[in-house]
Structures are given as C-alpha cells and as structure tokens.
Amino acid sequence: MSQLALWRSGSARVLPGFGLSMGISVLFISLVLLLPITGLFGQLAGLSLAEYWAIITEGRVVASYMVTIGAAAVAALVNAVFGLLLAWVLVRYEFPGKRLLDALMDLPFALPTAVAGITLATLYAGNGWMGSLLEPLGFQVAYTWVGIALAMAFTSIPFVVRTVQPVLEDLPAEVDEAAMSLGATDGVAFRRVIMPHLWPALVTGTGLAFVRSLGEFGAIIFIAGNMPYETEITALMIFVKLQEYDYAGASAIASVVLFVSLALLLAINIWQGRFVRRLHGGKG
Amino acid sequence: MSIRLQNIAKHFANTQALEPINLDIHEGELVGLLGPSGSGKTTLLRIIAGLESADRSPQPGKILFGDRDVTNVHVRDRRIGFVFQHYALFRHMSVYDNVAFGLTVMPKKRRPSNGEIRARVFRLLEMVQLQHLANRLPAQLSGGQQQRVSLARALAVEPDVLLLDEPFGALDAKVRQDLRRWLRRLHEELNFTSVFVTHDQEEALELSDRVVVMSNGRIEQIDTPEALYRSPINRFVFEFLGDVNHLEGNVHQGVLTCGDARLNVDLPDGNEELLLRPHEVRLAEQPSAESHLPVTITAISPVGAEVRVELEADWLAKPWLATVRHADFEQLQMRRGQRLFAHPRQWHRFPNAESKVTEQSRVA
C-alpha cells in the first residue's frame, strides 16, 4: 500500500489525463490499425512458406509489382517537382485567388477516388477532351502506364505540398535576402540555402506520395485498362484474388505491399529524425 | 565609400512610407537611423541595400556609392554587407561555412583559392572572437555569438558599405552593451562606412558619428549626437531623445500658473507648455522667489550614477521624473511621501512644430 502511494507520488505528472488519453489512444490504434493487420496475418497462417512464395512470385503478380512501382515512382518524382513549385508559390507570393488555390490543394483528399478515376478515364480516353487532343500526336494516356501514373499523381500531390508548405513558411525570406546580399545568384541561393532546409520535408512528402500510390486502387482502375502483364496494378491483383474467394492469396500479396510501405516509411522517419537533430544543434 | 541619396521616396499601396529624402553619408562614417516603429527607417535602409526599390514616379530617385550609381543595381552586385535583426544565419551550415559563404559563391574568376578563403574566414572569426566555435552550428550559439557570426559573414566579402537593421534589437541589455562597444571599436579599426537602424535613442547617441532622426517617413534632423541632444530642432526630436517633463499653464504678466504651482517666465501672456529634462529639475525644501512648484515623491530608484525620483502633484497631469546626485539625495534625506519644491534649472519650449527651439536658463 505504502509502496503504491510512493510510486504514485514519484511519477506524478503536471499535465493531467495521461492514463485516460493514452489508454484511449492505444485502444483506438488497436481497433483501427492493429486488428485488421492481425487479421491479415491470420489469413496467411493457412499458407506454407512455399505456397506463400509461389503466390507472391507468380509471373502476373510480379509484372503488377513492376507496373505499380514504376508508375508510383514516376508519379512521386513528378509530384516532388510540381508539389515543391506549388508550395513555393503558395508561401512566397501574394496573388488574388491564393486562398482558393490553397483550398484546391486538398481536393484530391476530399474527392472519392473512384470519382477521380472515372473523370480522368473519360477525359483521357480516345474520345475525351484531352485524349482527342493527345492521341493524334501519338500520346496515348488512358489504358497505359502513363494513365496509371497520372491517376497516382492526382491522388498524392497534397502529400508533397502539405509537408513542404509549413517548412517553407518557417524559413524567413531574410535568409534568401542574406544569401543574395552576399552575392549569390538565384540558383545558388536556392541550391545551397533553401533546398537544404526543404530536403527532409520534400523527401518525406515524396515518400508519402509514393507509398500512397502503391496502395491506390479506385482512381487508377478505370484509367488503367487492366491488361494482364501490361497495365495491371498490385491492388487489382488483390481484388482479383478476393473475387475468386482466394482470401489467403489476396492476403499474401497485400502483405508484400504492406511490408514495402512500412519499410519505406520507417526509413524516411529515421533519416528525417537525424536531419532535424542536426538543424537544432544536436538537441532536438 | 560615401553614400548619397537623392530624392528617394517609397510608398506601399496607399501609404507613403518615405517622403522624398536626400541624405549624404561620408566615407568612413557610422550613421544611425533613429525613429519609432513605422518611421520608415528600415525601409530606407533596405532601399540603400537594394532589398527594396524606391519609387520611380513622380521622379526617380538616385542612390550613389561614391561615384557609382547603384540605383538600378541588384542587391547582389551592390557590394554591401547586410546584418539582419534576427541574424538570418544559414542554420544547416557550420559557423565556418556561414562566414565563407560569400566567398564560395563568387564567380570562378574572382573566387579566392581554398587556402585563401580559409585564411580569411579564420581572420574574421578571430576578429569576432569566435575562432574556437568554427565547427559549431548556429543553433549551438547564443544570440550575441550568432550576431557576431552574421557580422563576420557580411564583412567577409569586403563590402563597400555595411548596413545593419536593428542589429542588437533581439539581444538582452548586457550583451547589447558589449556588442555596441565592440562594433564601435571594429568600425574604428576597419573604417568602413556603415548605416544602422535602431529605435533605441541611447544606442544611436552612443554609437553614431551622426544620427538621422526620422518620423512618419520624414527626416526630422541630422546631427552629431551632442548637437542633437543639446539643440533638438523640434518637439518630436526633443521628446524622442530622452525623458521629458511637461509643465503646462497660463502666463500672465511674466508668471506661469497651473493650480497652486507658479513659475516666473519671460514670456508673453497666453497658454504655454514648457518641457524639462529630468536632470534639469532641482529639488529643494523651500520654494524660491522665482518658482513655487510643490511636489511629492512617489518612487525612488537609487540605481546608477544618479538617483531617479518620481514626483507627483495635483497640478501635474503626468508624474515628473528628476535625477538627483547621490550627495543631494542624502542631504535632503529623500523618502517616499516627502513633500519638496522643484526648481527648473532650464526649460525648453517649442511653440509650434516648425519653429526653432527657444531655451531659457535660470540660475538655480
């Protein structure tokens, strides 16, 4: 009893509510995040290692990895460039309609991905507005990997903008001015003074966009064409397995996506942590 | 390098930040731009630097560094050093890299060799007494150290003029005092032309060869600190340069009265406002034939070379401040609540904003 009292007084926190808020957080994470993942691994229990390996290395599935990763990489890189530009414009300049553009940035988050997918598919199909302009020039967007990358870029652009924007706001314009007063050209100032600050946020945003693209389904499926070995994405392979009531097979492929995403997120986090510590003089 | 401004004006949207200004700064001078916030002093400094451009209409102004017309020269080609209030150091670079930055971004033709850069950076770091911290990051330094790094960084490119925007504004009093003295010494050693902005009159008077007092986008007075303090050109300058006591009353037949206070003055009849510095107020136990100004001591601050005494009275709208020598303080045995009589040694009067100061001395 006295030991309990001692323990309580010893660990007394000034901020109240730790027990309750932490408990609810853990419960919530368990229900929403951990339980489904556990279910996924439960499904895998029915498979032997050899079966598991056979499923995830099947030719059509491997082709889908290539399509998905390739298109996601292209989409992430495109987003890195344009997301940085958008964030720059939104932070550094004043112009009419700035608030509207800022709000528009979140549209891909708000819009149901299926709606986005159908819109993109009709727009870029051979008889759509954009498609009818591009196809005579030899660019086929719909039903190719370009279409897949386009849909991925659409759904993941906010990740880059919204991670870079606050960091850029935190970087005072005085720093550019200082660089210029020391004789740096615009390019040198950007490369040596601004970019080093934005790197971690840009890499994080791009990484998030990439991971998001790996799992995207709704927006892509209408524009992809879904030709086996050509334009099938991994999320579709999972969907196909489910339709065949092959829950174990679907879980096996899903686990691959999960591992890749988790490993990537973890790597980004660790790298960024090291960088931020450096900026704050080893203390942060 | 001398700086000459001709007809420099600036407006933002609908507000006139600077009215057309002419200003000559001599080679090797240390000039302070002094004024309250919103007086246009920072805008003027940024225009000299090229970080802001002056109005082109109705008439374009002109900025000359020596004989060189820099009006349309980009900031990077003006050969200035700029020190920011919040240092604006490159946080991801070491102290060494910060100072070396201006040298390493030079075009290949003019860039010194690596060894030369290294020697020059260490010479500068030695000058700002930070050579032992060359490998630290800015976040690991104190505010005063960061500002010294930023100064070394600005001096590294050997600028024609050094411009400082409230360089000590973000630092605490003790550090500010040290840095001020140190900047003065550095200026005497290297003899560069420099302009700094401050809202602290003490800083401006202590550091500058000449002070430019500004308000509402206008230059009120340009003078040496002594001349400025002794003969302010108008009421704004007088009030901005130090503590002021006001005495307002009606003059009738050479006597100014205000409640039960009266003072003999040599002025025509009418309403008058007299201004006194705290050191121009003498305190005594008795009134004199010339003045009868009864006051009560409400606060005493015995810190420093003189004792600061706060005085109140029925006839005063705002309390007065008087500075008294420690000897007088002890002789009169001053304490809170004590009633004494104030005797102006001297007073000032600015009948209206435009006319020159009128001063009168009295034998105390």
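Reader: How do you know where domain 1 and domain 2 of chain B lie?

Author: The bounds come from an automatic or database domain assignment, which places domain 1 of chain B at 3–240 and domain 2 of chain B at 245–361. Taken over C-alpha atoms, the centres of these two domains of chain B are separated by 40 Å.

Reader: What makes residues of domain 1 and domain 2 of chain B count as being in contact, and how many are there?

Author: Two residues are in contact if their C-beta atoms, placed from the backbone, lie within 7 Å, and by that test five residues of domain 1 of chain B touch five residues of domain 2 of chain B. On the domain 1 side of this contact in chain B, two residues are nonpolar, two are polar and one is charged.

Reader: Which residues form the contact between chain A and chain B, and of what kinds are those on the side of chain B?

Author: Chain B gives 21 residues to the contact and chain A gives 18 residues. In chain B, the elements that contribute two or more residues are strand S6 (80–83) and helix H2 (95–104). The side of chain B that touches chain A divides into 14 nonpolar, four polar and three charged residues. For the complex, the predictor gives an ipTM of 0.81 and a pTM of 0.79.

Reader: Why is a residue of chain B called buried, and what percentage of chain B is buried?

Author: A residue is called buried because 20 or more other C-beta atoms lie within 10 Å of its own, and by this count 38% of the 364 residues in chain B are buried. Chain B has nine helices and 22 strands, and its C-alpha trace spans about 80 × 50 × 35 Å along the principal axes.

Reader: How do you know where to read chain B with caution?

Author: The mean pLDDT of chain B is 89, with 96% of its residues reaching 70 or more. Over residues 353–357 of chain B, however, pLDDT stays under 50, and over residues 360–364 of chain B it is also below 50. Where pLDDT is low, the predicted coordinates should not be read in detail.

Key: Residues numbered from 1 in each chain as written. Chains lettered and ligands numbered in written order. Predicted model: local features only at pLDDT ≥ 70, side-chain atom pairs only at ≥ 80, totals over all residues. Helix = DSSP H or I, 4+ residues; strand = E, 2+ residues; numbered from the N terminus. Nonpolar A, V, L, I, M, F, W, Y, C, P; charged D, E, K, R; others polar. pLDDT = per-residue confidence, 0-100. Buried ≥ 20, exposed ≤ 12 C-beta atoms within 10 Å, placed from the backbone.
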